[in-house]
Amino acid sequence: MNDWVIGKVKKIHYWTKNLFTIILNAKVNFFIPGQFTKLSLIINGKRIRRAYSYINCPKNVNHEFYIKNIKEKGNLTPYLHKLNINDEIMISKNALGSFTINNIQNCENLWMISTGTGIGPYLSILQNGSNLEKFKKIILIHALRYISDLSYINLINKFKNKLKKKLIVQIITSREKKQNYLQGHIPKLINNGSIEKKIGILINKNNTHIMLCGNPNMIYETQKLLQEKYDLSKNLKNKKGNITIEKYW
């Protein structure tokens, strides 16, 4: 129990039928933007825990998590979805993960690529605002199924207003069309050049770093493509490269 603290739910926002945000108050140890923690409930006598990225800045006393309710197969999310204000939930005291820009070398173009709730760590990094001077351009790519799934557009627009031309945002939808949005799936849109053409920036191993977070299949296919087509390499502790990934399911 020493690794867990009690958090109290302060707010729950339901974006869609299955997408929701939990904000809770808890005294956790300092974390680095981009890291994740674990939330836990006792369900039928067993502790069920899952990993979720922080969305808030480390200085905030309230901690925010963007979650998709997995109705049929979810062991925890259906219970999180039903929480009420002032309910208690366990949260890991210490954050985990190396999906931070602290571990990325200075480069011209930083690509933040996500699907679904995988946008979470980028929101934390951009809200915090530290070390962004390491990059000339930041390209935030958020892929989702439907336009209604674009939960954090107001916050993204605040980033655009603050960072001006430094930040480029591209939304991708897979199941409906909208002007100025790309339609399709990230690996295919990279492979056929659509993303580079739309953004107006080329992927080049000499000036590019790409972060990938979200669906494991997207991460696997995109990383493989980047390695084979662009000769990019994975970013490791003992060997710096061009690709940083986060997988926690």
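Which residues have the most contacts inside the largest nonpolar core?

A: This is a predicted model, in which local features need pLDDT of at least 70 and side-chain atom pairs count only at pLDDT 80 or more, while totals for chains, interfaces and linings use all residues. Residues are numbered from 1 along each chain as its sequence is written, and side-chain values use heavy atoms, with hydrogens and water left out.

The residues with the most contacts inside the largest nonpolar core are Ile 101, Met 112, Tyr 122, Leu 123, Leu 126, Leu 140 and Met 211, and this core has 26 residues. A nonpolar core is a set of buried Ala, Val, Leu, Ile, Met, Phe, Trp, Tyr and Cys residues joined through side-chain atoms within 4.5 Å. Buried means under 20% relative accessible area, exposed means over 50%, and partly exposed lies in between (1.4 Å probe, protein chains only). Two or more residues of this core come from each of strand 7 (107-115), helix 2 (120-128), strand 8 (135-144), helix 3 (153-163) and strand 11 (208-213). Helices (H or I, at least four residues) and strands (E, at least two) are DSSP runs, numbered from the N terminus.

Leu 123 touches Ile 55, Tyr 152, Leu 155, Ile 156 and Phe 159, if residues up to four places away in sequence are not counted; contact here means heavy atoms within 4.5 Å. Another core, of 25 residues, lies apart from the largest one and includes Ile 190, Ile 201, Ile 219 and Tyr 230.

The loop between helix 2 and strand 8 holds Lys 134. Lys 134 is buried but has no salt bridge, and Glu 133, the nearest side chain of opposite charge, is 7.9 Å away. A salt bridge is a side-chain nitrogen of Lys or Arg within 4 Å of a carboxyl oxygen of Asp or Glu. The side chain of Lys 134 does reach the backbone oxygen of Ile 104, at 2.4 Å. Leaving out residues up to four places away in sequence, Lys 134 touches Ile 101, Asn 102, Ile 104, Gln 105, Asn 106 and Cys 107. Ile 101 is also one of the residues with the most contacts inside the largest core.

Asn 131 is placed in the loop between helix 2 and strand 8 as well. Asn 131 has a positive phi of about 70 degrees although it is not a glycine. Most residues other than glycine have a negative phi. Asn 131 is partly exposed, with a relative accessible area of 29%.

Technical notes: Lys, Arg positive; Asp, Glu negative; His and termini not counted. Polar contact = N/O pair within 3.5 Å; in protein donor to acceptor, adjacent residues only side chain to side chain.
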